[in-house]
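Subject: Structure for your review

Dear colleague,

Please find below the structure that I promised to hand over. My notes on what was found in it follow.

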Amino acid sequence: MSDLGYIPNLTARSLITKKTKTIGIILKSASKDVRQNPFYSDVLHGITQRCNEEGYAIKSTISTSEESLFQEVQGMIQTHAVDGFILLFSKSNNVVKQLLIDEDVPFVVIGKPLDEKDQFIIHIDNDNEKAGHDLCSYLYHKGHRHIIFINESGQYAVTDDRSTGFRDEARQRGITHEILETENNRDSIQTLLQTYFMNEGLSVRPTAIISSDGVIHHTVLSVLYNLNIQIPTDVCTATFNDSLLTEMGSPPQTTVNIHPVELGNKSGEKIIQLLNQREVSKDNLRIPTTIIERESTNNMKE
């Protein structure tokens, strides 16, 4: 048939098979901050690679609030717009995940299991607690004993695990530390950093800052520049998820590489196996992380 230039009519095929050959991608939000986050673009690249290989298309959510996201996913299910879903976040009391369970729709999650129901759902994730441990230990061996961890507010498992790993390692090492929750906006972060770096009454200032992901880290770097705080001379900085934002930062930023393309590729592989009733292991997948050392961190002077 290919010799004759035949191109299959996918619409006609879907009417016969009742399959759309389309996978829904559920973002936590389609806000500007999320859309421009390199993590999501890299994950989507990995998903698209695998889906293209298997002849699947993808359809992403565009909602910017939890309520509208629920309604959007519900509509996709009711209209049979997709065959299954990849949920790109893990969150406590997730109404969208519960909807997928209630409707018995095939799906996988990029993120960690959070409750008993999750034992029946495939999760693809990093060991984010270990990543937090490793980054804290790395800075400890650089001589840092006063570190703050800036965590974007919200109930997302990924950032909670990173801060938990950091906290546990800091306590074990005897590092003076604080975990600070903040919105990812310039004013909030500037107010926070001024407390630590512009307060004349503060006897001990942090020697290193860890941010919970690359996007909030970019805001931190911008605020430090405005406050005329030099990296790494005045403070060292590091974050999670390697991207052009970290590689091309000024200076280039030390980063935990979480390998988002591989996370996306594996999630695409697993959902397609489920949809085609292929033999698929229900075991959760852990993608290892690695630290990429750059000029933003250095050894403390004796």
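Which residues touch the most other members of the largest nonpolar core? Please bear in mind, in reading what follows, that the model is predicted. Among the 39 residues of that core, they are Ile23, Ile86, Leu88 and Ile210. The core draws at least three residues from each of two domains, namely domain 1 (10-127 + 259-288) and domain 2 (128-258). Apart from this core lies another one, of 18 residues, which includes Ile216, Leu224, Ile231 and Val235.

If neighbours within four places in sequence are set aside, Ile86 is in contact with Ile23, Gly24, Ile25, Ile26, Ile47, Val108, Ile110, Ser267, Gly268 and Ile271. Ile210, for its part, stands opposite Ala238 in β9. Strands β8 (residues 208-211) and β9 (residues 236-240) pair in the parallel sense, over three bridges.

These two strands belong to an open sheet of six strands, whose order is β7-β6-β8-β9-β10-β12 and whose pairing is mixed. At its edges are β7 (176-182) and β12 (290-292), each of which pairs on one side only. From one strand to the next, the twist averages 20°.

Two helices lie across strands of this sheet. Helix α8 (residues 186-197) lies across β6 (146-152), β7 and β8, and runs at about 160° to β7. Helix α9 (residues 214-226) lies across β6, β7, β8 and β9, and its direction is at about 160° to β9.

Helix α6 may also be of interest to you. It spans residues 128-141, 14 residues in total, and reaches 20 Å from its first C-alpha to its last, close to the 20 Å expected at 1.5 Å a residue. The buried residues of α6 are Asn128, Ala131, Gly132, Leu135, Cys136, Ser137, Tyr138 and Leu139. After α6 comes Gly143, which has a positive phi, near 100°.

Finally, some totals for the protein. The secondary structure comes to 11 helices and 12 strands. Of the 302 residues, 48% are buried. Taken along the principal axes, the C-alpha atoms fill a box of roughly 75 × 45 × 35 Å. Among contacts between residues at least 6 apart in sequence, 72% join residues at least 24 apart.

With kind regards

How values were computed
Residues are numbered from 1 along each chain as its sequence is written. This is a predicted model: local features need pLDDT of at least 70, side-chain atom pairs count only at pLDDT 80 or more; totals for chains, interfaces and linings use all residues. Side-chain values use heavy atoms; hydrogens and water are left out. Helices (H or I, at least four residues) and strands (E, at least two) are DSSP runs, numbered from the N terminus. The expected span of a helix is 1.5 Å times one less than its number of residues. Buried means under 20% relative accessible area, exposed over 50%, partly exposed in between (1.4 Å probe, protein chains only). Two strands pair if DSSP finds at least two bridges between them. Axes are lines fitted to C-alpha atoms, for helices over the stretch in contact, and angles run from 0 to 180 degrees between N-to-C directions. Contact means heavy atoms within 4.5 Å. A nonpolar core is a set of buried Ala, Val, Leu, Ile, Met, Phe, Trp, Tyr and Cys residues joined through side-chain atoms within 4.5 Å. Domain bounds come from an automatic or database domain assignment.
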